[in-house]
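The sequence and structure come first.

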Amino acid sequence: MLASKETVDGQVSLNPLVYVCSMSEYNLPEFESCLLRRPEYVVLVVSDYEKIKDAADRFTRVIEARLPGIQVIRPDLLSQQSFDGRDLQSIQAWLEQTLSPQLASLPVDYPQVCNLTGGTKVMALALMAASIPWNWLEYKADGAQKLQKLENKQGKLTPLAAEELAPAAPLNVAKLYSDQVRENKENKVIASPNSQDQAQKLWDGLEQQNTALKTIFGNATSGLEMLWMYGLKAPDYNQKMLTLNSQEFIGETAFSKEQLQWLDAWAALKPTSLEAANNQLTLAGNKNRRDDLRRWLSGDWLEQLAYNWLAEEIPTQSLAMNVSIRPESSDNSSSGERESDLLVHYQGRTSLVEIKTDLPPNENFASAIRQLASLSDRFGRTNKVLLVGPQLTQKHQNRLEDLVLRCNAEGILLAFNKADLLYAVLKGRQPAITNTRNQD
């Protein structure tokens, strides 16, 4: 076994190893294998398809950034000879005439190891049977976060060991599948010491249909929804900051004690964004849509809460919020930029979590399903989860089973609470529908 060694400055050194990997459109297993092995040289076997070549380019960029000093060798870029990955004879010719000479030019005292996970089946067979003196072979099976070490002697495969693979960071997972990836800046309200407690209280209050809270959130004619959802085009609300009396805001002569408790608690998270008095309220208007408290009350609170629910069971280095991708190096892609509310990569499974507190006017549940389904495999092979908040759940209480079936038909798991979310992400299966009340 090749063990990594710590250097004086705390960096992990590269190992004296030549590591050969076959590329496909899905190269996460090879990336995690390289993180385990930390080879000085990684040699990529790349067939003659643009999508495979593009994937190999991304793999090269990500592994070079993650393991500084590693030398990535691309024989396909150094030779005019190519192969399509499906014809045995062309593969064998490429291995003999291109790959073998390349390997012979590398340090002769370094072990040469072949990872057979990627590429086509016939590529793996050709690599095993090639007249290359592999010191050993490796393979990662689907559904197992282990790298299997194999010995091939006279055509007989013998298992030697299996080592646990550490998960790649979610941002690196995304970079393996898209040229442009960024993690958007965190809402500053989330950094407030009390925001997590307030997020949980919001969930509890909405789930229990607290009257004061429901009145503040309102509807098309009152409350926050009147201003920020239904009133987006209203000239009266098109200001940076709005000051309304309680009659204008919720149709009442004064705020109740409980309503003021909610408003004051939110104001404490960002005092410059909200100020409440007995019968008057000042808050962000529609010229100020990026205001942190406004965005938090409009849905970021549930993203924060879901992140922390997951962090109870999953290491935070396996979680990322608001990761945006733009496919195929396009500044104006026809498919456009896509964002994952939460991106999780843990125990060999990558999960996309889309979060909906409620639906804006003229949008229905089907559009939310389509939005998540449209991500396809732009973050790799993913487990897609849709977490809906209490307000949205209550509006569809009589058709939850139908919504689950519709989501499952699109390859999406539907979650209604904390337990559902953890089950869907950790197990990769649809949680059973239970009583959604009183769940945290």
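## Terms and model

A crossing is left-handed if the near helix is turned anticlockwise from the far one by less than a right angle, and right-handed if clockwise. Helices (H or I, at least four residues) and strands (E, at least two) are DSSP runs, numbered from the N terminus.

The model is predicted: local features need pLDDT of at least 70, side-chain atom pairs count only at pLDDT 80 or more, and totals for chains, interfaces and linings use all residues. Residues are numbered from 1 along each chain as its sequence is written, and side-chain values use heavy atoms, with hydrogens and water left out.

## Helices H7 and H11

The crossing of H7 with H11 is left-handed. Axes are lines fitted to C-alpha atoms, for helices over the stretch in contact, and angles run from 0 to 180 degrees between N-to-C directions. For H7 (residues 195–207) and H11 (residues 257–267), the axes come within 11 Å and cross at roughly 150°. H7 and H11 are therefore roughly antiparallel (angles under 35 degrees count as roughly parallel, over 145 as roughly antiparallel, 65 to 115 as roughly perpendicular and the rest as oblique).

Contact means heavy atoms within 4.5 Å. On the H7 side are Gln 198, Lys 201, Leu 202 and Gly 205, which meet Trp 262, Ala 265 and Trp 266 of H11. By class, this contact has 4 nonpolar, 2 polar and 1 charged residues. Ala, Val, Leu, Ile, Met, Phe, Trp, Tyr, Cys and Pro count as nonpolar, Asp, Glu, Lys and Arg as charged, and the others, Gly among them, as polar.

## Helices H4 and H5

The axes of H4 (residues 88–104) and H5 (residues 121–129) come within 10 Å, crossing at roughly 45°. That angle makes H4 oblique to H5. The crossing is right-handed.

Leu 88, Ile 91, Leu 95 and Leu 99 of H4 make the contact with Val 122, Met 123, Ala 126 and Leu 127 of H5. By class there are 8 nonpolar residues in it, with no polar and no charged ones.

## The open sheet

An open sheet with mixed pairing is formed by 6 strands, in the order E8-E12-E13-E14-E15-E16; two strands pair if DSSP finds at least two bridges between them. E8 (180–183) and E16 (412–415) stand at the edges with a single partner strand each, so one side of each has no neighbour in the sheet. Neighbouring strands are turned by 35° against each other on average, direction ignored.

Within the sheet, E14 (residues 349–356) and E15 (residues 382–388) pair in the parallel sense over 7 bridges. Leu 352 has Lys 384 in E15 as its bridge partner. Helix H13 (residues 365–373) lies across E14, E15 and E16, and runs at about 155° to E15.
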